[in-house]
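Subject: Structure handover

Hello,

The structure we spoke about is below. Please look through it first, then read the notes that follow.

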Amino acid sequence: MEKITDLLLILILIAGLTSGCSKEKPVPPALPPVESMKIDFSNFITEKKRASFYDAKGIETASWAFSALAAGYWNSIMVTTLAIPVIAYENAARHSPVYLEDNTWEWKYDTRVFMATYRIRITGRTYGHNAEWKMYVSMEGNGSFPEFLWMEGNSRLDGTGGQWTLNHCSFFNEPVMQIDWTSDGTHIQTVKYTYIRELNDSREEDPFRTSFIEFGKKSGSTYDAYFVIHYFNGSGFSDVEVEWSTTEKHGRVRCRAFFADDEWHCWNGNYVNIFCP
């Protein structure tokens, strides 16, 4: 009887050791692609340097030029407010995360952007079918600031979409931009910027709040990309729809506040106004 008992104990110990050795190492979630933060403005940035309603020869280009002006405010945000966090985040993919606890991983690295070195710390925590992301930033030296939460968000583990919230800066540590994105699992399909800052630097109500631009891609259409824009024009909000071909460069725009009608207004591959087909 004792031999049987001893044998059972040995089997239990072996089973425990085997299960302990075969325990799978936690796998970190995939970082959402940096493209989830980017909108393609390339068709509205040319050698012209600025949008003009006439080209150098006096040929009318108002349809394209107005579209470029409407998108220009958001492109300036991409170049200024979003430039550093996007570059800093993009570098995370070059580093390996360390597992902390509670399904949480951490990426830590330094990155140099525009002659300044930033210390980045990104955490990713999985829960259910989602992941929660937080990017902390600090900088030492000239213009230094202590670590603060610069960006946070969530994404679906299957890579089909998510949301980012960007805080303004270390001094005004408050939400300024919300980015919603979707993907087919391989390629980004839509990216939407929404301006959500409640007070400006003067601590007055920010008139641009609720402005947004949505960029998306369409298949099987003459125009395979689009913008939907809702922006503050200085006195009120205007709504603009823009559609264009990313290969042929021709497109069309619709905005009642500017054109005083609900019709599409088109341009060709040289940005020159044409009658819409």
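Which residue lies over the face of Trp264? Arg252 does, at 4.1 Å from the ring centre. A charge counts as sitting over a ring if NZ of Lys or CZ of Arg is within 6 Å of the ring centre and within 35 degrees of the ring normal. Arg121 also has its charged end over a ring, that of Tyr136, 4.3 Å from the centre.

Some ground rules. This is a predicted model, in which local features need pLDDT of at least 70 and side-chain atom pairs count only at pLDDT 80 or more, while totals for chains, interfaces and linings use all residues. Residues are numbered from 1 along each chain as its sequence is written, and side-chain values use heavy atoms, with hydrogens and water left out.

The protein chain has four helices and 14 strands. These are DSSP runs numbered from the N terminus (helices are H or I, at least four residues; strands are E, at least two). Of its 277 residues, 40% are buried, where buried means under 20% relative accessible area, exposed over 50% and partly exposed in between (1.4 Å probe, protein chains only).

Now to strand 10, residues 225–232. Seven of its eight residues are buried, so this strand is largely enclosed by the rest of the structure. Strand 10 pairs in the antiparallel sense with strand 9 (residues 212–217) over six bridges; pairing requires at least two DSSP bridges between the strands. Phe212 stands opposite His230 of strand 10. On strand 11 (residues 237–244), which also runs antiparallel to strand 10, there are eight bridges, and Val228 has Glu241 as its bridge partner there. Strands 10 and 11 form a hairpin with four residues between them, and Gly234 in the turn has a positive phi of about 110 degrees.

The whole structure holds 24 aromatic pairs. Rings of Phe, Tyr and Trp (its six-membered ring) pair if their centres lie within 6.5 Å; planes under 30 degrees apart are stacked, over 60 edge-to-face, and the rest tilted. Phe44 and Phe227 form a tilted pair, 5.5 Å centre to centre with 40 degrees between the planes. Phe44 is in the loop between helix 1 (2–21) and helix 2 (62–79), 183 residues from Phe227 in strand 10. Phe44 is buried, with a relative accessible area of 8%; for Phe227, also buried, the value is 1%. The rings of Phe227 and Trp244 are 4.6 Å apart at their centres with planes at 55 degrees, so this pair is tilted. Ring pairs link Phe41, Phe44, Phe215, Phe227, Trp244 and Trp267 into a cluster.

Regards
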